[in-house]
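Here's a quick briefing to read alongside the model. Keep the viewer open and follow along topic by topic.

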Amino acid sequence: MAAIQGVRHLETIRLLPHEAREQRLQIILDSVSDGIVAIDADGRITSLNPIGERMLRVTRAEALEQPIASFLGSDLPILRCLADGRPYNNIKLDITGPRGRICHLTSGRCLRDPAGTVVGVVATMKDIAELRQMVYTLAQPEAITFSDLIGNTPAFNRVVAMGRMVALGDSTVLLRGESGTGKELFARALHTESPRRQKAFIPVNCAALPEELLESELFGYVGGAFTGARKGGKAGLFAAAEGGTIFLDEIAEASPAIQAKLLRVLQEGKIRRVGSNSEEPVNVRVIVATHRDLETMVRQGLFREDLYYRLNVVPIFLPPLRERREDIPLLARHFLDKLARHLNRAVPELTPAALNKLTAYSWPGNIRELVNVLERAVNLVNGPQILPEHIWLYNWEGPLLSRNPQPELKTLAAIVRAVEANAVQEALKRHGSARKAARALGLSHTALLGKIKKLGLKWPA
């Protein structure tokens with residue numbers, strides 16, 4: 001070319017313009033986090049990025065120019081899109097074949113020439129396990145650690161120290177304790193301080209669901225497994241907890257059938273979805289909890305003995321509140337602060353007499369009951385202090401215990417009326433005018449005047 005007359009300068013270029021554009025496009029495709037596959041008008045694969053290779057379990061060299069149906073079958077959203085020209089969004093593809101199980105969420109768009117003719121389809125593929133992790137990351141509650149658990153008694157400190165050691169391992173944990181002792185919070189702390197902390201924590205109450213529903217929720221089901229089942233089936237909670245922790249509360253309430261399936265999971269690390277003939281491996285740490293006497297249930301034939309020994313690897317007994325009375329002041333102040341913020345009230349102070357009343361009580365409902373009693377007190381108190389008469393305790397023989405009982409407050413409506421009257425009277429006294437009091441209570445001036453008349457209140461002197 002240099003010998004041609006008129007050619008003054010030659011420059012070597014590495015790529016032609018169209019080659020450079022194709023290379024830049026391929027770099028972009030290779031860098032995205034979703035799988036991408038494109039087919040031509042004949043259904044042959046024309047493009048596949050590395051994530052797509054992993055998700056379809058095929059290499060680019062094997063796949064290019066080959067019919068996509070030869071890898072995934074003919075009943076595919078991408079082929080339907082090619083035939084009818086209609087795009088699709090977030091369709092679950094779940095195929096089990098010679099290359100193993102291929103499961104992802106796919107969306108597709110047609111490729112058209114300048115005349116509008118469909119000449120191919122490009123589809124994205126999202127890994128379902130990664131989507132679950134994303135949803136969990138966005139929706140998970142605030143992480144609970146052992147440092148967040150309130151208490152300083154020897155019994156409590158021993159349990160926390162044991163929990164911190166056990167959290168580092170991967171063994172099954174059996175939490176024992178009365179209702180209301182905080183077993184789920186303890187389980188969350190075990191998960192948060194474990195190597196699985198970045199994965200999901202899935203709590204399940206075995207007593208809250210009937211047997212048939214619990215089985216499908218825990219282990220999932222395949223399409224057509226039963227009347228009303230989704231066409232594509234459903235992954236269960238064990239699959240949702242992949243890599244993380246599943247917490248089975250009230251495990252003693254599980255039926256014999258569920259117990260047998262749980263035993264299989266613990267022994268083999270595999271689950272079988274309802275209606276399926278194959279098993280799937282799962283990598284999940286199991287934490288269970290109960291307030292029941294499992295040993296007696298085993299002797300009575302109500303709980304499988306082999307499952308009991310599988311669950312009882314690391315038993316942890318959470319002490320009831322009556323065995324850690326010294327922690328009640330700490331717990332009370334902590335919950336009062338939270339409750340006051342939630343109810344948009346000033347944080348009231350516990351008087352020594354009210355605190356003595358709390359510490360003298362046996363707390364059959366444990367921490368859950370303590371929270372309820374304190375919330376009731378925050379609603380009843382008018383001033384800056386919680387007095388003994390604001391602490392209403394149940395004696396489990398009938399009436400509420402109050403140092404200054406008020407027989408006239410027998411119904412919920414009467415209690416609400418008394419609280420409302422106290423709040424209105426206090427606002428009037430504090431602000432000096434009905435208009436300012438109404439603004440403080442979040443009412444209109446007319447509404448407050450109506451309440452004063454309805455409640456039979458007198459203007460404060």
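How many bridges join β4 to strand β5, and do they run parallel or antiparallel? There are nine of them, and β4 and β5 (residues 118-127) run antiparallel. Bear in mind that this is a predicted model.

- β4 and β5 belong to an open sheet of five strands, laid out in the order β2-β1-β5-β4-β3 with antiparallel pairing.
- β2 (45-48) and β3 sit at the edges with a single partner strand each, so one side of each has no neighbour in the sheet.
- On average, neighbouring strands here are turned by 30° against each other, ignoring direction.
- Strands in a sheet pair through backbone hydrogen bonds, in either a parallel or an antiparallel way.

**Strand by strand**
- β1 (residues 35-40) is joined to β2 by three bridges, and the two run antiparallel; Val37 has Leu48 of β2 as its bridge partner.
- Helix α5 (residues 77-84) packs on the sheet, where it touches β1, β3, β4 and β5. The direction of α5 makes about 155° with that of β5.
- β3 (residues 88-97) pairs with β4 (residues 100-112) over eight bridges, again in the antiparallel sense.
- If you want a landmark in that pairing, look for Leu93, which stands opposite His104 in β4.
- Getting from β3 to β4 takes a hairpin through two residues.
- The hairpin of β4 and β5 has five residues between the strands, and Gly116 in that hairpin takes a positive phi near 90°.

**A helix pair**
- Helices α14 (residues 328-342) and α15 (residues 352-360) pack at an angle of about 115°, and their axes are 10 Å apart.
- On the α14 side, the contact is made by Ile328, Pro329, Ala332 and Arg333; α15 brings Leu355, Leu358 and Thr359.
- Sorted by class, that contact comes to five nonpolar residues, one polar and one charged.
- The crossing of α14 past α15 is right-handed.

**The largest pocket**
- The largest pocket holds about 870 Å³ of space.
- Its lining has 31 residues, with Leu149, Gly182, Leu185, Phe335 and Ile367 nearest the centre.
- α7 (154-167), α8 (183-192), α14 and α16 (366-380) are the elements that give two or more residues to this lining.
- α14 turns up again here: it supplies the largest share of the lining, six residues.
- By class, the lining of the largest pocket splits into 15 nonpolar, six polar and ten charged residues.

Terms used
Residues numbered from 1 in each chain as written. Predicted model: local features only at pLDDT ≥ 70, side-chain atom pairs only at ≥ 80, totals over all residues. Heavy atoms only, no water. Axes fitted to C-alpha atoms, helices over the stretch in contact; angles between N-to-C directions. Helix = DSSP H or I, 4+ residues; strand = E, 2+ residues; numbered from the N terminus. Left-handed = near helix turned anticlockwise from the far one by under 90°. Contact = heavy atoms within 4.5 Å. Nonpolar A, V, L, I, M, F, W, Y, C, P; charged D, E, K, R; others polar. 1 Å grid on protein atoms, 1.4 Å probe; cavity = no way out; pocket = protein on both sides within 12 Å on 5 of 7 lines; lining within 4 Å. Points joined across faces, edges and corners; volume = space filled by probe spheres on them. Pairing = 2+ DSSP bridges.
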